[in-house]
Amino acid sequence: MSAYLETRYYPMDFPIHAFYASDNCYLAHWHIDVEMVYVCEGSIRIGINKDVKILKKGEFAVFRSTDIHYYDSTNLSSKIIVLIFRPEIIEASSGWPEKLRFDSPFM
């Protein structure tokens, strides 16, 4: 999977960005920031590294630092909340802590 490095900039030194999106499509990318997504309505296809899943209302995904991920709403409809933040927020200045692993990034 070809992916690009996304560099995020945060306003006023507050390293958190949260937003609401509808029918999101976003190419494969990666970043040091941690990203979380919650599906409020409908369903959306999400890829994280080599895993792909269609998330439905009430489901959640976590993208660790450097995880390659994408959103694809082709033939789907969704409303999602996205939270992106610098790993320093969880006291991990160099990225997602190596010792903290999930069985699956999808919940």
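## The nonpolar core

The largest nonpolar core has 15 residues. A nonpolar core is a set of buried Ala, Val, Leu, Ile, Met, Phe, Trp, Tyr and Cys residues joined through side-chain atoms within 4.5 Å. Buried means under 20% relative accessible area, exposed over 50%, and partly exposed in between (1.4 Å probe, protein chains only). Val37, Ile46, Tyr71 and Ile80 touch the most other members of this core. Two or more residues come from each of S4, strand S6 (60–63) and strand S8 (78–85). S4 gives the most, with five residues. In soluble globular proteins, nonpolar side chains tend to be buried together.

What does Ile46 touch, beyond residues up to four places away in sequence? Its partners are Val37, Asp51, Val52, Lys53, Leu55, Phe63, Tyr70, Tyr71 and Phe106. Contact here means heavy atoms within 4.5 Å.

## Model and numbering

This is a predicted model: local features need pLDDT of at least 70, side-chain atom pairs count only at pLDDT 80 or more, and totals for chains, interfaces and linings use all residues. Residues are numbered from 1 along each chain as its sequence is written, and side-chain values use heavy atoms, with hydrogens and water left out.

## Overall build

The protein has eight strands and zero helices. Its pattern along the sequence is β-β-β-β-β-β-β-β. Both kinds of element are DSSP runs numbered from the N terminus: helices are H or I with at least four residues, strands are E with at least two.

The protein has 107 residues, and 39% of them count as buried. Take the contacts between residues at least 6 apart in sequence: 71% join residues at least 24 apart.

## Ser43 in strand S4

Ser43 lies in strand S4 (residues 34–48). Is Ser43 buried or exposed? Ser43 counts as buried because its relative accessibility is 16%. Neighbours within four places aside, Ser43 is in contact with Ile54, Leu55, Lys56, Leu76, Ser77 and Ser78.

## The surface

The protein exposes about 6500 Å². Carbon and sulfur atoms supply 56% of that area. Accessible areas come from the Shrake-Rupley method with a 1.4 Å probe; for residues, only the protein chains shown count as cover.

Tyr26 is found in strand S3 (residues 26–30). Tyr26 has 31% relative accessibility, so Tyr26 counts as partly exposed.

## Cysteines

How many disulfides does a search of the whole structure find? The search finds zero. A disulfide is a pair of cysteine sulfur atoms within 2.5 Å. Cys25 counts as partly exposed, at 47% relative accessibility. Cys40 counts as buried, at 18%.
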